[in-house]
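Here is a short note for a colleague who is starting to read structures. Please keep the model open beside the text while going through the points.

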2 protein chains.
Amino acid sequence: MVTDDGKPGRIRPAPENHLAASPDPVRRGFLRRAVALGGGALAARTAGSVRADDALDKNLPPHVPEWSRTLGAPTLASPYGVPAKYEANVKRRESPGLTRTPQSSVAFTPLQSLFGIITPSGLHFERHHAGMPDVDPHQHRLMVHGLVANPRIYTMDDIVRFPSVSRVHFIECGANTGMEWGNVAVPTVQYSHGMLSCSEWTGVLLSTLLDEVGIDRAKAKYLLAEGADGASLTRTIPLAMALDDVLVCYGQNGEMLRPEQGYPLRLLVPGVQGVSSVKWLRRIEVGDQPWNTREEALHYIDLMPGGKHRQYTWIHEAKSVITAPSGGQVLLDHGYHEITGLAWSGRGKVSRVDVSTDGGRNWRTARLSEPVLTKALTRFRIDWTWNGGPALLQSRVIDETGYVQPTIRQLRAVRGIRSIYHNNAIQTWRVDATGEVSNVQVL
Amino acid sequence: MVTDDGKPGRIRPAPENHLAASPDPVRRGFLRRAVALGGGALAARTAGSVRADDALDKNLPPHVPEWSRTLGAPTLASPYGVPAKYEANVKRRESPGLTRTPQSSVAFTPLQSLFGIITPSGLHFERHHAGMPDVDPHQHRLMVHGLVANPRIYTMDDIVRFPSVSRVHFIECGANTGMEWGNVAVPTVQYSHGMLSCSEWTGVLLSTLLDEVGIDRAKAKYLLAEGADGASLTRTIPLAMALDDVLVCYGQNGEMLRPEQGYPLRLLVPGVQGVSSVKWLRRIEVGDQPWNTREEALHYIDLMPGGKHRQYTWIHEAKSVITAPSGGQVLLDHGYHEITGLAWSGRGKVSRVDVSTDGGRNWRTARLSEPVLTKALTRFRIDWTWNGGPALLQSRVIDETGYVQPTIRQLRAVRGIRSIYHNNAIQTWRVDATGEVSNVQVL
């Protein structure tokens, strides 16, 4: 039958960069496929296939692989299943040296290898401030107190008994794409945008709990959320936001939260930088002013060009990124390629995504995959015929408020280059004439 | 702080039945919580909590658990994460003795422990005919031939290069709930309805591949799909269905298919009994009549009361089931409970779900969780105040075609009691005065 890549001279290895996330074997194969007959999109699409009747005509031996001639593994070989061994390369990755201790580090989601909008829970990005605690759900408690009529301490049994909701929402770290404020172009989308994941969350609306304890509506203006990790991570949440769509979650993608996502209980503040979605949630205090905690006075603030800091900038404005082709991947054929990526907005739904292959001179509107949900990742796709010349791939989202994702030049004109947080600029991937894809900044 | 269940005399163990799927610790706790102060729903909801100021007044020692006083595990402890150790009970289960060999068996999804509509890939039900093959994606091929102009053999690289789509769809085995045709009431929802799962699937529309090979539209009427497992599982698919929404899938919940779900390639025939969604897909042949393969002539046929078999009954009519409270669980308090479950239709979207707590005499309409998607699971929820008396819990779905889920009596009147497949009858869970929930048939 057909063999992979009949022209070995044209196969190029992925860059040998320790930061470079190799895509999974299949998708890498897709991008590295050497056979390039050119012609129209359809011809290119099937260039790697062989005509079935050619194979039969040539009287090739019938290729019946071993696995088609034997009994396979028994059912329930894994009462809780795991990915195929061939996919071992699709994993979270840490950027060496990014933080001083492994307990306060980041593990990035391999966006370049993923499909659709749901992030597998095993690949959800991680960001901890004092490592991942091992919380016993039978001992865990949530205290709700402060400016309330009936302060309460809830067990997990209490929490799961409340009326529940399920919602699909993204979580993005405020520092995602932070390196790109300056002139650092990290090599892959896993490292440039991989502090981003999307799950179906299940839990109790925070407003339900607040109704239960009876907040003092005359005085209450802010909440404090506190985690049970060693950092006692604390964040201020405005009351209006808390009463809108904030969740106290115990479920993630159908099952209980994963340990690194706050098991057994976390806050989920849709559309807001991830640090506000406090994990291992143990306390909610109702008050009348912001708390100015360490993680909102010292970190998660926006350094402006004049030297001032902006504080309490919670919401993620609309953002998008092409996940394939993306940095570190190599296109080996001319002809048809599907460009695909993710778009999201902390303000609501994605309305439209445009894609440019010439660095923003010309734009075409991409297809959005249903469902398009509020404050959730949205998958976009568009057809592209690569003629073999250099190309600059960009995506630009417009959300339902009419907000248009800015260029990095526009963003820097307002916010300078010394920020860390809330970089939602248009990302550019350069395809060079050899097919190598790399991260560049178009200024 | 508060301790679980202050009244140990009222705690009852779950039935010691080897078939009984124990729900996960948290949800079990929810159902077994002993404190029952009665009164309104809100009072009951917080019955297990303590007032925070009571705890402070009594000068209880500040309970700061070990995990709040230490550094936790480092980030990236698991490059591919796994559930919390406390959730080990949430797993697929086999029904001992159901099939003669473990390679042709079923592993059931623990629906009683799940939230939302997405089934974690590790818990997707399994049904194999010759075990799970270990397919090397680099060697795997898909041949498309028969009444086509350009028969082709595709590599995985070819397949992933086609324009792709992502869709959320359920898969249900045709034999799901099959035991209930007679007088067998299996004890838990894991065994009665657990051959049911729902994922976000990504792949190529089969119509795209058929366009590519150029089917003979004058003659072509049916397709044969064949798997690469040892069973060479083969199924006939009507062409109209194939050209509608059938997918050739490589992605499941964001990542590549799991091995037990057909890695690296499967068919996905939305709304149709699972056996048609051929796993480890290696061949599609276009023809002009049904194939009458072993798995459509001998199995997956409906035995009617008169002794005849109905063949080629593909589509799952609308069906629903309450997943909590469900068989094997125990309610220990009176007062507020949320009743929740799943509804789905092979014909399109769910329009409405009604719930009865008195065996079908009175019905109330449940809340549906967004998104409600075509041929996908839909999560429903409804509030219930249990007064402590016996109750018969039922759900009844109506889909967008107007079809109403039948009672088992209505279904038997047409189809008798000797069928195996396509039992979509209303399920009844009995709550007795002691709070025990069991599977009963209301005839």
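Which side chain meets that of Glu172(A) in a salt bridge?

1. The side chain of Lys319(A) is the partner of Glu172(A), with 2.7 Å from N to O; a salt bridge here is a side-chain nitrogen of Lys or Arg within 4 Å of a carboxyl oxygen of Asp or Glu. Because Glu172(A) lies in strand E7 (residues 165-172) of chain A and Lys319(A) in strand E17 (residues 319-324) of chain A, the pair ties together parts that are 147 residues apart in sequence. Strands (E, at least two residues) and helices (H or I, at least four) are DSSP runs numbered from the N terminus. Over all chains, a search of the whole structure finds 44 salt bridges.

2. A word on the basis of these values: this is a predicted model, in which local features need pLDDT of at least 70 and side-chain atom pairs count only at pLDDT 80 or more, while totals for chains, interfaces and linings use all residues. Side-chain values use heavy atoms, with hydrogens and water left out, residues are numbered from 1 along each chain as its sequence is written, and chains are lettered from A and ligands numbered from 1 in the order in which they are written.

3. Chain A and chain B each bring 123 residues to their contact, where contact means heavy atoms within 4.5 Å. The area buried between the two chains is about 10,800 Å², and carbon and sulfur atoms give 56% of that area; buried area is the accessible area (1.4 Å probe) that two parts lose on being put together, summed over both.

4. Four salt bridges are found across the interface of chain A and chain B, and Asp134(A) and Lys85(B) meet through their side chains in a salt bridge of 2.6 Å, N to O. On the side of chain A that touches chain B, helix H4 (residues 156-161) of chain A gives the most, with five residues.

5. A rotation of 180° with 0.0 Å of shift along its axis superposes chain A on chain B, with an RMSD of 0.0 Å, by least squares on the C-alpha atoms of residues with pLDDT of at least 70 in both copies. That is the relation of a two-fold axis. In chain A, the C-alpha nearest the axis belongs to Pro371(A), at 3.7 Å from the axis. The same surface serves both copies, since 100% of the contact residues of chain A recur in chain B.
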